[in-house]
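Dear colleague,

Please find below the structure that I am handing over to you. A summary of the findings follows it.

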Amino acid sequence: MGRLPLFLIWLLAAAPAAAGVTSVPETFEVKPAGNSAAGASGSVSPLGGTPVPVLSPALAAMPSPSAGPAPAPVQAAAVAAKAAAQPAAAKALPPETRRIVFDVRGSRGGHGDVAAAYLTAYDLLDRTAGRSDAITPSITFIAGDAERKILSRLTGRTVRSGDDLFDGQVKVYAHGLPKSEPEPDVLMNLAAPDGEYKRPLPGDEKYGLRLAKNTVILTQTVFGNTESEAKGPATMMINGRRLELSNAGLATADAGVYADPVARALRRMTPEQRKQFALDRLEEADVPGSAAAGAVVRGEVLAGAEIGLAYGISMKEVKPQFEQYLSGLAARLDKTKGSYVIVTPSAFKVSDVKDVFLRGRIQVIEGDPVLPEKAEKGKIYVLKTGTLPHPAFVSLMALSRPPPVVAGDGAMSAAIGLGRPFVLTRVGWNEDNIEAYARRLYLRTPPKDRPIVKEVFEKGRLQYALGLETVAPAFDQTSRAIPLLTDTMFAAIQAARDVEASEVPTSALLAEIQDPKLKASLLSVRSVLGDFDAQELAGEALYGGDKKARRITASALAREVLGGAFIMRHLVALDFHPINMLAARFALRWTRAAARRDRGG
């Protein structure tokens, strides 16, 4: 059907901006998808994998990409649970999305943008492990020198160009896909600074990427899109079309957090199995301090101390927050006469603590010194390690008796996946994410216990972190309400592949889609293609929907119909609602009339 004729574009450009259209709030509520409360009753994920709250038994038998066999108790638990946990329906990955490339080049510091791809690949492989009814994805990482160093830290072994990960299921290349490799079905850019794709388009082989016209290019942002001033959506591109979807994150309208298979496996283990898992992963980890941490977990040294974990505590603005956290631990020790060992891969020294009395109760442990068999009462030991491989890091998070201190999208996802109390240090880029999580947690906390949530998450008073133990069930419930990005992204990818398929009804196209932005984008494409059902649904949203739905649908229709015209591109990019609404109404009338003419009606 195509886009609007030029004379109508000029007409819309000259139309009065106001046109009687009222302004609408920015947000749009959406019922959580994937790992939701509904999912807790056994709903199958869009990938057809294990129902989201049910944890994959295969993870227990595959604890680490580079690890050997799991300990016997873990294997036994996995075998016992495997048959019961297999899903009844198993779409898994459809054949047309089997070849997946993660382009992680251009990392911006930290581990987040590489960890995003690592976790998603890990989760995809876990969902298909040991299943005869599933197509195992073929996954490739394009990673430069800096990114391969991060992969090496995550996996606990040196990763070079041409190496395999996950027992040969993932290939890593430095400069792009080899010519012998076919074009990918899906190209993923995760934890991006904004949602717009910056690499070459299909047909352009720069950057070592050969893309087919029907390759789905998905660009997803960091949580809450906090690095972008424009705050635009995440996007997909296929066959020259651009589709919008919600950003990754924790708000009710966001697409969710990373699925962490290690965290989910630990969550279903017994305490003894978790301890054994951590010991095995620490024994494999060849980093400073890992042997000392293992000795503490076994109780061979510093016996009687409770173990904890802190991450992301080295920044100047975070140090006072961690001092508050330590003061809360010290106050507890005044009553219990016990001690703590806080393991951290972050930089920390005693002089970071300004309170002279608190400083006297802290001992920093570096390297692998000889440690006393018993911990000194009232003492807080800070055990510094190198960067721990991901399974070892998450297993210590699971063992942490005081709520662990975490920072970053990946660590936050692991903490959420464990479903138990944790605290977040507050810096400028993550304030919105903390507030979004706090809103979800607050609603699931009994009214009498809400003050502690407010103190820790809203006011940032980490000295009260131990009080979160009283609201542990709320953390569990909150973790089940937050969708998983693996589910939402691959439901979106399948919808993108089907959007131009006339044999797929609009109702089926939208069946797995909870994302309001993507739903509006799909309806807009279908409406322009002349689909009566899509036009009817778009019309209901524009004329009969609530204000939020009207705004999103109007924006999507305006972009789809007018965005390709050079004269209108910048105007549409402003996303000015009155003009969007006027353009959308004209567009819908025109596409309906054109569809009737095409069908002889």
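**Findings**

The chain exposes about 24500 Å², of which carbon and sulfur atoms supply 54%; accessible areas come from the Shrake-Rupley method with a 1.4 Å probe, and for residues only the protein chains shown count as cover. This is a predicted model, in which local features need pLDDT of at least 70 and side-chain atom pairs count only at pLDDT 80 or more, while totals for chains, interfaces and linings use all residues. Residues are numbered from 1 along each chain as its sequence is written, and side-chain values use heavy atoms, with hydrogens and water left out.

The chain has 22 helices and 14 strands (DSSP runs numbered from the N terminus: helices H or I, at least four residues; strands E, at least two). Of its 601 residues, 57% are buried (under 20% relative accessible area, 1.4 Å probe, protein chains only).

Eight strands form an open, mixed sheet in the order β3-β4-β2-β1-β5-β6-β7-β8 (pairing requires at least two DSSP bridges between two strands). Because β3 (164–165) and β8 (241–245) stand at the edges with a single partner strand each, one side of each has no neighbour in the sheet. Strands β1 (residues 99–103) and β2 (residues 138–142) pair in the parallel sense over five bridges; Val101 has Thr140 in β2 as its bridge partner.

Elsewhere, helix α11 (residues 390–399) is mostly covered, with 10 of its 10 residues buried, including His390, Phe393 and Met397.

Yours sincerely

Note on methods
Buried means under 20% relative accessible area, exposed over 50%, partly exposed in between (1.4 Å probe, protein chains only).
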